[in-house]
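Me: I have a protein model to read. Can we go through its sheet and its pocket step by step?

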Amino acid sequence: QEFVERILNRIDGLHGIFVTDKEGGPILQAVSKDISLDPLKAASLASTFSITSEQAGKLFFGTNQKTIAFYDNCVIVHVSMTPLVVSFVGDTSVNVGLILALEREICSALESVREIKSEAW
């Protein structure tokens with residue numbers, strides 16, 4: 001928990017980090033105090049990402065490892081750590097490159113959680 005909160009505070013414009021299982025079940029989250037994010041909506045997006053990634057994998061492009069979506073008022077980055085999904089929600093000024101640069105560090109820190117969830121699946 002402390003780790004995701006530290007990452008949240010390191011990246012300007014990042015308002016939430018949600019770690020869920022592939023069905024959207026919440027595991028960890030860190031949300032900026034200055035903005036209201038609905039964790040249920042974030043979880044829903046994570047499960048949609050999982051389903052979409054699974055279907056896209058059938059197109060012979062290989063496994064989808066991450067998706068970046070740019071909306072009018074936010075940016076969402078989903079990173080697959082099967083069976084986990086790590087979702088980053090930021091405003092339109094968030095540095096997506098920095099989020100992607102920290103992916104290895106984040107995945108490494110969450111590896112024990114991923115292993116536990118993998119055994120449960």
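Reply: One definition to begin with. Helices are DSSP runs of at least four residues, numbered from the N terminus. The model is a predicted one.

Me: Which strands are the edge strands of the sheet?
Reply: Five strands form an open sheet, paired antiparallel, in the order 2-1-5-4-3. An edge strand pairs on one side only. That picks out strand 2 (26–31) and strand 3 (66–70).

Me: Over how many bridges do strand 1 and strand 2 pair?
Reply: Strand 1 covers residues 14–21. The pairing of strand 1 and strand 2 is antiparallel, and its bridges number five.

Me: What angle does the direction of helix 1 make with that of strand 1?
Reply: Helix 1 spans residues 2–10 and packs on the sheet. It touches strand 1 and strand 2. Its direction and that of strand 1 make an angle of about 150°.

Me: Which element gives the most to the lining of the largest pocket?
Reply: The largest pocket holds about 200 Å³ of space. Helix 2 (39–56) and strand 5 (84–90) are the elements that each give two or more residues to its lining. With four residues, the top contributor is helix 2.

Me: How many residues of the lining of the largest pocket are polar?
Reply: The lining has 13 residues; Ser50, Ser53, Glu54, Ser80 and Thr82 lie nearest the centre. Sort the lining by class: four are nonpolar and two are charged. The polar count is seven.

Terms used: Residues numbered from 1 in each chain as written. Predicted model: local features only at pLDDT ≥ 70, side-chain atom pairs only at ≥ 80, totals over all residues. Heavy atoms only, no water. 1 Å grid on protein atoms, 1.4 Å probe; cavity = no way out; pocket = protein on both sides within 12 Å on 5 of 7 lines; lining within 4 Å. Points joined across faces, edges and corners; volume = space filled by probe spheres on them. Nonpolar A, V, L, I, M, F, W, Y, C, P; charged D, E, K, R; others polar. Pairing = 2+ DSSP bridges. Contact = heavy atoms within 4.5 Å. Axes fitted to C-alpha atoms, helices over the stretch in contact; angles between N-to-C directions.
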